[in-house]
Amino acid sequence: MTVDHPVFARLYPRVAAALDAAGGYQHRQELLAGLAGRVVELGAGHGANFVHYPGEVSEVIAVEPEPGLRRKAERAARHAATAIRVIDGDADDLDLPAASFDAAVTSLVLCSVPDQHRALAGVYRVLRPGGQLRFYEHVRSPHPVAARLQDTADVVWPAIAGGCHCNRDTLSAITGAGFQLGTSRTFSFRPNHVPTPTAPMILGHARKPPTDDTD
Ligand SMILES: C[S@@+](CC[C@H](N)C(=O)[O-])C[C@H]1O[C@@H](n2cnc3c(N)ncnc32)[C@H](O)[C@@H]1O
């Protein structure tokens, strides 16, 4: 699948910097704290997470299909303290060996993949039994009226936000894919109190069951 959003690729780093300045930076730190071993990051964008990987992480494979963002991520990887290899790829069709990673990271990406269930099945496959999925995602509001407003916004949102959907129930998709939920917190992230359909967020981790022997 081709992902080509040149305008989004130019604008996103500035949007992400503004969000990071308003608290996203701390969210990213929390997302990655305590990780170790081999990590796969899906839809790494321009590499905003790269500075946050702890020293115990031995290698990160960062998958990014959008060419403009991938070039920026390659530059960020060269300056990172962690060994990071940026590769082209599609989260919905991960071309990586089964059970080969200790952890997987998704941040603000399960909103954008064409098929969340397929992407999560791929993450499950490439994680070793007991491996962790760390997630930082904006999600469908738990409040029915707000969720209906997200459904309305989602008619145009993907066109202005690089294919991002603002109304997905991502936590249910994660548990539905077979992951055991660890800690997870839900909160509203609305920098400068600007109303946005992407305010409801989840941040946490889930685990592939340690006894899984399907790989
Ligand atoms: C909002 S950006 C988030 C980027 C980065 N993860 C971050 O936290 O800043 C969404 C990312 O998902 C990527 N993406 C879209 N479709 C994808 C797919 N099928 N497989 C992998 N990544 C995808 C986009 O190219 C983009 O980098």
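In this predicted model, the axes of helix α1 and helix α2 (residues 67-78) come within 7 Å and cross at roughly 40°. The two helices are therefore oblique to each other. In general, two packed helices are described by the angle between their axes and the distance between the axes. The contact involves Phe8, Ala9, Arg10 and Pro13 on the α1 side. On the α2 side, Gly68, Leu69 and Lys72 take part. The residues of this contact divide into 4 nonpolar, 1 polar and 2 charged.

Phe8 also belongs to an aromatic pair. The structure holds 2 such pairs. In one, the ring centres of Phe8 and Tyr12 are 5.2 Å apart and the ring planes lie at 25°. Planes under 30 degrees apart count as stacked, so the pair of Phe8 and Tyr12 is stacked. Phe8 and Tyr12 are 4 residues apart in helix α1, which means that about one helical turn separates them. Phe8 has a relative accessible area of 26% and is partly exposed. Tyr12, with a relative accessible area of 16%, is buried.

The rings of Tyr124 and Phe179 form another pair, with centres 5.3 Å apart and planes at 75°. Planes over 60 degrees apart count as edge-to-face, so this pair is edge-to-face. The pair links distant parts of the chain. Tyr124 lies in helix α3 (residues 116-126). Phe179 lies in the loop between α6 (170-176) and β6. The two residues are 55 residues apart. Buried means under 20% relative accessible area. Tyr124 counts as buried, because its relative accessibility is 14%. Phe179 also counts as buried, at 4% relative accessibility.

The sheet comes next. Strands of a sheet pair through backbone hydrogen bonds, either parallel or antiparallel. Here, 7 strands form an open sheet with mixed pairing. Their order is β3-β2-β1-β4-β5-β7-β6. The edge strands are β3 (84-87) and β6 (180-188), and each pairs on one side only. From one strand to the next, the twist averages 15°.

Key:
Residues are numbered from 1 along each chain as its sequence is written. This is a predicted model: local features need pLDDT of at least 70, side-chain atom pairs count only at pLDDT 80 or more; totals for chains, interfaces and linings use all residues. Side-chain values use heavy atoms; hydrogens and water are left out. Two strands pair if DSSP finds at least two bridges between them. Axes are lines fitted to C-alpha atoms, for helices over the stretch in contact, and angles run from 0 to 180 degrees between N-to-C directions. Angles under 35 degrees count as roughly parallel, over 145 as roughly antiparallel, 65 to 115 as roughly perpendicular and the rest as oblique. Contact means heavy atoms within 4.5 Å. Ala, Val, Leu, Ile, Met, Phe, Trp, Tyr, Cys and Pro count as nonpolar, Asp, Glu, Lys and Arg as charged, and the others, Gly among them, as polar. Rings of Phe, Tyr and Trp (its six-membered ring) pair if their centres lie within 6.5 Å; planes under 30 degrees apart count as stacked, over 60 as edge-to-face and the rest as tilted. Buried means under 20% relative accessible area, exposed over 50%, partly exposed in between (1.4 Å probe, protein chains only).
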